[in-house]
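I opened the model today and kept notes as I went. The entries below are in the order I looked things up.

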Amino acid sequence: MNILGIETSCDETSVAVIADGREILSNVILSQAEHSKFGGVVPEVASRTHLRTIVPIYREAMEEAGVSLDDIGLVAATMGPGLVGPLLVGLTFAKGLAFARSIPFVPVNHMEGHLAANILQHAGLDQRHLTLIVSGGHTMLVEVKEFGEYEILGQTKDDAAGEAFDKVAKIMGLGYPGGARVDKLAVEGDATYFKFPRPLLKDDTFQFSYSGLKTAVALYLNKLSPAELDKHRADIAASFQEAAVEVLVEKTLRAAQRHNIRHVTISGGVAANSRLRQWLADRLEKAGKKLFYPTGELCTDNAAMIAAAGYYRFQKDGAGEMVANAVPYLKLA
Ligand code: KG4
Ligand code: ZN
């Protein structure tokens with residue numbers, strides 16, 4: 001069965017066609033460039049850009065996949081969490097298509113989409129696994145008992161990890177969104193240059209906190225002269241990244257051990273981080289466990305993961321309701 005996926009929860013307009021929850025036929029992603037000059041996503045601008053681009057992106061995805069609507073057996077679209085205006089554009093477009101052509105429709109939880117990116121790409125992944133969802137909006141450790149059955153072990157008390165990466169990038173003058181730029185710059189830096197705090201590292205729960213780390217970096221940068229900042233830009237990026245990532249690595253390893261889980265996945269934009277991938281893979285391997293992560297394009301927001309989650313939902317629960325509305329604070333479990 002071919003599944004049409006639509007994602008518009010934030011500032012990516014994306015449409016994908018996948019086959020049977022495993023094979024990507026197309027995954028067109030437009031990252032809206034309009035927001036960079038504002039240093040963050042402007043919801044109204046995002047809504048208008050989704051409206052302007054959703055039809056051409058849909059046409060491109062269908063053409064690239066070599067299919068017509070007659071070949072689509074299921075339509076899936078993100079219903080939340082996300083920005084309400086942007087969500088409504090994709091959701092309404094998807095419901096319109098499905099209704100007009102009598103195609104079954106499934107509304108998708110964006111976070112379930114992120115974790116489904118790993119199921120889509122890794123046939124060898126155990127049904128029961130641990131997942132760390134780390135994005136610009138979320139930082140949470142979830143035990144996946146099977147697709148659709150979740151136990152949230154812990155999450156952030158304040159900012160998300162990706163938000164900290166973005167804010168640090170912004171105050172360092174690296175632009176928005178900055179996570180990938182911090183990652184790239186950190187490769188050339190000395191991660192031991194300055195020891196930033198590791199929030200809640202020693203705490204025995206699976207909660208996270210990133211607002212203090214962000215403030216610590218801001219205070220540190222305030223004390224530096226422009227010349228010092230210029231000289232040590234890469235060292236500071238690497239030192240911040242080391243602090244941010246160490247907490248993710250340690251808590252994820254601890255959760256996998258305590259809950260006796262063999263397979264671990266990371267998903268969401270920060271799962272693209274090279275230090276997180278390498279450090280966590282290494283620690284898990286030493287503990288006799290295995291890490292899986294999506295390819296870069298499937299870490300950040302995309303419609304292929306939404307199509308996959310929609311397909312697995314459809315297999316589990318059948319078609320969803322056409323009356324599904326956008327839910328900005330939709331929970332995973
Ligand atoms: O999943 P995503 O596209 O959107 C949300 O659902 O939030 O994640 C975007 C986040 C941004 O905060 C971005 O800076 C971060 O993921 N990000 C990274 C990297 N690539 C993207 N953070 C650290 N290292 C990266 N390589
Ligand atoms: Zn996301």
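**Entry 1: the model and its domains**

I note at the start that this is a predicted model. The chain divides into domain 1 (2-114 + 298-317) and domain 2 (127-296). I then looked at the contacts between them. On the domain 1 side 16 residues take part, and they touch 19 residues of domain 2.

**Entry 2: the shell around ligand 1**

Which domains supply the shell around ligand 1? Both domain 1 and domain 2 do, with at least three residues from each. I found 19 residues around ligand 1. Those that come nearest are Gly-136, Asp-166, Gly-179, Asp-183 and Asp-301. I sorted the shell by residue class: five are nonpolar, 11 are polar and three are charged. I also looked for helices in the shell. Helix 3 (110-121), helix 4 (161-171) and helix 5 (179-186) each give at least two residues to it.

**Entry 3: polar contacts of ligand 1**

I went through side-chain distances to the ligand. Asp-183 has a polar side-chain atom 2.9 Å from a nitrogen atom of ligand 1. His-110 places a side-chain N or O atom 3.2 Å from an oxygen atom of ligand 1. For Ser-135, I read 3.5 Å between a polar side-chain atom and a ligand oxygen. How much of the accessible area of ligand 1 does the protein cover? I noted 88% of the 560 Å² that the ligand has on its own.

**Entry 4: hairpin of strands 2 and 3**

I moved to the strands. Strand 2 (residues 12-19) and strand 3 (residues 23-31) run antiparallel and are joined by eight bridges. I picked out one pair: Val-17 in strand 2 faces Ser-26 in strand 3. The two strands form a hairpin, with three residues between them. In that turn, Asp-20 has a positive phi of about 50°.

**Entry 5: hairpin of strands 7 and 8**

Strand 7 (residues 139-146) pairs with strand 8 (residues 149-155), again antiparallel, over six bridges. Glu-143 has Glu-151 in strand 8 as its bridge partner. This hairpin has two residues between the strands. Gly-148 takes a positive phi there, near 95°.

Which residue in the loop between helix 5 and helix 6 (211-222) did I note? I noted Leu-200. Leu-200 is not a glycine, yet its phi is positive at about 65°.

Then I looked for cis peptide bonds. The bond from Gly-80 to Pro-81 is cis, with omega near -10°. Pro-81 sits in the loop between strand 4 (72-80) and helix 2 (84-101). The bond from Tyr-176 to Pro-177 is also cis, with omega near -10°. Where is Pro-177 found? I located Pro-177 in the loop between helix 4 and helix 5. Those two helices also came up in my ligand entry, as suppliers of shell residues.

Note on methods. Residues numbered from 1 in each chain as written. Chains lettered and ligands numbered in written order. Predicted model: local features only at pLDDT ≥ 70, side-chain atom pairs only at ≥ 80, totals over all residues. Heavy atoms only, no water. Pairing = 2+ DSSP bridges. Helix = DSSP H or I, 4+ residues; strand = E, 2+ residues; numbered from the N terminus. Near = heavy atom within 4 Å. Polar contact = N/O pair within 3.5 Å; in protein donor to acceptor, adjacent residues only side chain to side chain. Areas by Shrake-Rupley, 256 points an atom, 1.4 Å probe, with all protein chains shown as cover. Nonpolar A, V, L, I, M, F, W, Y, C, P; charged D, E, K, R; others polar. Domains from an automatic or database assignment. Contact = heavy atoms within 4.5 Å.
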